[in-house]
Amino acid sequence: MEYEIRSFGLETASDEDWEMFYEFTCKTARELYPDVPLEDLESYRNDMVSTLMFYDVNAYIVTKKDEPLKAIGWLRCTFIKEDAPSYSGNEDICQIHLTILDEYRQNGIARELLLTAYDQALEHNRTQFTGVLLNEAAREFLHQIGGKEALSFQDNHLNLNDVDWGMIQRWVNEGPRRSPTSSLIFYLSIPALILEQYCNLYTEVLNQAPRDELTTGDSVFTPEKWKKLEDQARKVGRTWITAIVKEQDGNISGLTEAIYEPSTPTIMYQELTGVQEKYRGRGLGKWLKGAMLLKIRNEFPEVETISTGTATSNESMLAINEKMGFHLKKEVYMFQVGLQKVKEYLESKQ
Ligand SMILES: CC(C)(COP(=O)(O)OP(=O)(O)OC[C@H]1O[C@@H](n2cnc3c(N)ncnc32)[C@H](O)[C@@H]1OP(=O)(O)O)[C@@H](O)C(=O)NCCC(=O)NCCS
């Protein structure tokens, strides 16, 4: 089979190319999650282009020579920009997304794309590849290269019909009973007055979540970055709800956030939950997540499912999620492999 690999500029690709790529994404996503709705092309494109705020991206699309409008493979190499807040500690990393449509696997296309990624990584002075392994074939490929699954991650789902609402209400009642001087506040945008403090807590708790053997650096959030992310959310019509717990002295002790995408109205995404270390173990995590769940039920009646991602080793977060009724949807792995190993693998195949 003859195929062609060509560059896909996120900002310069034609509408036709984006439609082709989106169709490819839908097919590969359905292979993984047959029953999970996908955001529409416009939001998907907009979000992908917005990564250019903080990353340099080189993407490639693979088409069949005799069917130039059908994408059969995709590679995206992502490099954090030097002026991005999370640059330090991540400057060695080239993140890759490499997918081949199932009926075109075992044709050496992934190997050729890996060579492209290798060249790109060398050009950007990177020494490590990271990415997400989405299926067994990808795992097998990684093992052949000599890489490892560095972080196991659970994608967990909660069906709102399965929730014990009495228990959730008890969590929400117990929160202020156990911490009478604390208050829980919801925001659709983080107020400028607390933004710096919020970003500091967000950065702190996010980086306390386990990364297991992944040797990537911290993800850092600054007020400037936060405003850009909120602007992007507004642009695509995304509702980004945050709840914080505020202490009497003004300190923010905990946070949780959830995201509603208008193009996927039946699913909501529960994002980060974090409680500052000295306030843990007094029910703030349960108060925050319980209050968010009640808000979702009351304000987004179309939502049927909540989706959340948690490291398999994150016992405290999983304990809360299990009590809420979350169940395992899929276990995925983040991989890490050094460029040297990739070089040896590619040379052995020549
Ligand atoms: C996860 C986290 C938010 C929990 O906050 P918290 O305020 O301590 O949680 P709570 O006090 O409400 O505890 C909730 C339940 O978790 C359980 N739990 C807490 N720590 C636990 C641990 N180390 N192992 C197992 N279960 C644990 C408790 O059993 C508790 O239930 P119980 O009160 O009915 O016994 C907090 O540990 C944290 O901020 N971690 C770092 C950030 C993070 O990893 N976030 C998740 C990223 S996806």
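**A tour of the sheet and its helices**

Select helix 1 (residues 15–32), which lies across strand 1, strand 2 (55–64), strand 3 (67–80), strand 4 (93–100) and strand 12 (327–338) and runs at about 80° to strand 3; contact means heavy atoms within 4.5 Å, axes are lines fitted to C-alpha atoms, for helices over the stretch in contact, with angles from 0 to 180 degrees between N-to-C directions, and helices (H or I, at least four residues) and strands (E, at least two) are DSSP runs numbered from the N terminus. This is a predicted model, in which local features need pLDDT of at least 70, side-chain atom pairs count only at pLDDT 80 or more, and totals for chains, interfaces and linings use all residues. Residues are numbered from 1 along each chain as its sequence is written, and side-chain values use heavy atoms, leaving out hydrogens and water.

Next, colour the open sheet, whose twelve strands follow the order 1-2-3-4-5-12-6-11-10-9-8-7 with mixed pairing, where two strands pair if DSSP finds at least two bridges between them. At its edges are strand 1 (3–7) and strand 7 (183–187), each pairing on one side only.

Zoom in on strand 7, which five bridges join to the antiparallel strand 8 (residues 239–246); here Leu184 has Val245 in strand 8 as its bridge partner.

Then select helix 9 (residues 315–324), which lies across strand 6 (148–159), strand 10 (267–275) and strand 11 (305–311), at about 155° to strand 11.

Finally, show helix 4 (residues 136–145) with helix 10 (residues 339–348), whose axes come within 9 Å and cross at roughly 90°. Phe141, Gln144 and Ile145 in helix 4 meet Lys341, Val342 and Tyr345 in helix 10.
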